[in-house]
Amino acid sequence: MGEEQTYTITELAREFDITPRAIRFYEDQGLLTPGRSGRARVYTKADRTRLKLTLRGKRLGLSLAEVGELLDMYGGVRNTAPQ
């Protein structure tokens, strides 16, 4: 079992064509909770998925509060039966 894939804020910003500041804003809103390595943020695949879903929700016209509710609703069901 290798280490889980992680991402830097710069890598995610580049991949999704958004600014690191936007990613930090989503953190402030409680949508992302990266780990830390010293002062650097470390994002997991789960964080990357949450960011992708956040951006998709915004494009669909959902508020960040609505996106947060949806992420929370599905965030804890990874190891359970499909919803």
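**Entry 1: basis.** I worked from a predicted model, in which local features need pLDDT of at least 70 and side-chain atom pairs count only at pLDDT 80 or more, while totals for chains, interfaces and linings use all residues. Residues are numbered from 1 along each chain as its sequence is written, and side-chain values use heavy atoms, with hydrogens and water left out.

**Entry 2: the sheet.** I took helices (H or I, at least four residues) and strands (E, at least two) as DSSP runs numbered from the N terminus. I counted two strands as paired if DSSP finds at least two bridges between them. Strands of a sheet pair through backbone hydrogen bonds, either parallel or antiparallel. I then examined β2 and strand β3 (residues 40-44), which run antiparallel and are joined by three bridges. Ser-37 has Ala-40 in β3 as its bridge partner.

**Entry 3: salt bridges.** Side chains of opposite charge can pair when their charged atoms come close. I applied the rule that a side-chain nitrogen of Lys or Arg lies within 4 Å of a carboxyl oxygen of Asp or Glu. The count by this rule is three salt bridges. For burial I used relative accessible area: buried is under 20%, exposed is over 50%, and partly exposed is in between (1.4 Å probe, protein chains only).

I noted that Glu-15 forms a salt bridge with Arg-48, with 2.4 Å between the closest N and O atoms. Glu-15 lies in helix α1 (residues 9-16) and Arg-48 in helix α3 (residues 45-59), so this pair ties together parts 33 residues apart in sequence. Glu-15 is partly exposed at 39%, whereas Arg-48 is buried at 19%.

I next recorded the salt bridge of Asp-72 with Arg-50, whose closest N and O atoms are 3.8 Å apart. This pair links distant parts of the chain, Asp-72 in helix α4 and Arg-50 in helix α3, 22 residues apart. Asp-72 is exposed at 57%, and Arg-50 is buried at 17%.

**Entry 4: Glu-27.** Which residue forms a salt bridge with Glu-27? I found Arg-41, with the closest N and O atoms 2.7 Å apart. The two sit in distant parts of the chain, Glu-27 in helix α2 and Arg-41 in strand β3, 14 residues apart. Helix α2 spans residues 20-28. Glu-27 is buried, with a relative accessible area of 14%, while Arg-41 is partly exposed at 22%.

I also found a polar contact of 2.6 Å between the side chains of Glu-27 and Tyr-43. A polar contact here is a pair of N or O atoms within 3.5 Å; within protein, one must be able to donate a hydrogen and the other to accept it, and residues adjacent in sequence count only if both atoms are side-chain atoms. With neighbours within four places in sequence left aside, Glu-27 is in contact (heavy atoms within 4.5 Å) with Leu-32, Pro-34, Arg-36, Arg-41 and Tyr-43.

**Entry 5: helix α4.** I located Met-73 in helix α4 (residues 64-75). Met-73 is partly exposed, at 49% relative accessibility.
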